[in-house]
Amino acid sequence: MNAADDLDTITERWAALAEAAGTRPVTGWPPVMGVALILNAEQREEHAAERADTAPDAPGPRPVPVDVDVLDVMRTIEDGLCTTADWLASRVQRPPLGAATGRGWSDDVHRQALLLAAKDGADPRRWSYRGERTAPAAAEWLALRVRAAAGPFRALDVGELEAVAKVAAMGAALIARALGEERRRVPVPHPCPTCGGQLLVEGGDGQPPVVRCEDCGRAWKDRTAA
Ligand SMILES: [Zn+2]
């Protein structure tokens, strides 16, 4: 993934992230299937009983409706992108043209110079330090700079490109993790039926999950997943 792709990912996934922050934490991990596949009937009943205990009407503390982790991720990405845009703009964005005013000049050239200076200063392609300081706005602006889009800017040097790429990669990775799209490995609280070793369930990235024994290497796949 290059910096521009990572920035596009951030822009495209931001709405999904906001949705995740406003609703419940991403669940469905680890996949129930992984455990259910290797349990015998008796264990399966126990497991069902355990899950029944966590029914929505069960007594006990309720989960908070806002996912604090996702909000933290959003704040981190937004701060990082806006700070990077401020820093990059201070380096590569040409200051607005100035025009001498207030001496009573009213000739055509002076009038045109004033108009040009005002237009240049208000160029919407400029990063506005006091403008919309959101992650998508900053990501879009940075992606245009990385792609060397036209405007009152000079080309980015290698160090600037690397700095933007680093922030973009971090943001894209944080989003993937927050949305539960990263492949993860979680221990399964049941011994391997073959050797009694430690089982791990792998998945969460959209690929079919796999249960694998760390010790003998035996693996189980979810046959119900297409
Ligand atoms: Zn094993």
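This is a predicted model: local features need pLDDT of at least 70, side-chain atom pairs count only at pLDDT 80 or more; totals for chains, interfaces and linings use all residues.
Q: Why is Arg 75 called partly exposed?
A: Its relative accessible area is 48%, and partly exposed is the range between buried (under 20%) and exposed (over 50%), taken with a 1.4 Å probe and protein chains only. Residues are numbered from 1 along each chain as its sequence is written, and side-chain values use heavy atoms, leaving out hydrogens and water.

Q: Where does Arg 75 lie?
A: You will find Arg 75 in helix α4, residues 68–92; a helix is a DSSP run of H or I of at least four residues, a strand is a run of E of at least two, and both are numbered from the N terminus. The C-alpha atom of Arg 75 is separated by 8.8 Å from that of Ala 135, which is 60 residues away along the chain.

Q: How many helices and strands does the protein have?
A: There are 7 helices and 4 strands. Reading from the N terminus, the order is α-α-α-α-α-α-α-β-β-β-β.

Q: What makes the crossing of α1 and α7 left-handed?
A: A crossing takes that name if the near helix is turned anticlockwise from the far one by less than a right angle, and it is right-handed if the turn is clockwise. For α1 (residues 3–22) and α7 (residues 158–178), the axes cross at roughly 35° and come within 8 Å, and the crossing is classed as left-handed. Such axes are lines fitted to C-alpha atoms, for helices over the stretch in contact, with angles from 0 to 180 degrees between N-to-C directions.

Q: Which residues make the contact between α1 and α7?
A: On the α1 side they include Leu 7, Ile 10 and Trp 14, and on the α7 side Ala 168, Ala 172 and Ile 175 are among them; contact means heavy atoms within 4.5 Å. The residues divide into 12 nonpolar, 1 polar and 2 charged. Here Ala, Val, Leu, Ile, Met, Phe, Trp, Tyr, Cys and Pro count as nonpolar, Asp, Glu, Lys and Arg as charged, and the others, Gly among them, as polar.

Q: Why is the aromatic pair of Trp 127 and Trp 141 called tilted?
A: Rings of Phe, Tyr and Trp (its six-membered ring) pair if their centres lie within 6.5 Å, and planes under 30 degrees apart are stacked, over 60 edge-to-face and the rest tilted. With 5.6 Å between centres and 50° between planes, this pair lands in the tilted class. Trp 127 sits in the loop between α5 (108–121) and α6 (135–146) and Trp 141 in α6, so the pair ties together parts 14 residues apart in sequence.

Q: Why is Cys 192 called buried?
A: Because its relative accessible area is 4%, below the limit for that class. Cys 213 is buried too, at 2%. The search of the whole structure finds 0 disulfides, a disulfide being a pair of cysteine sulfur atoms within 2.5 Å.

Q: What stands out about the phi of Ala 148?
A: Its phi is positive, about 55°, although Ala 148 is not a glycine. Most residues other than glycine have a negative phi. Ala 148 lies in the loop between α6 and α7.

Q: Is Gly 98 buried or exposed?
A: At 74% relative accessible area, Gly 98 is exposed. Its place is the loop between α4 and α5.
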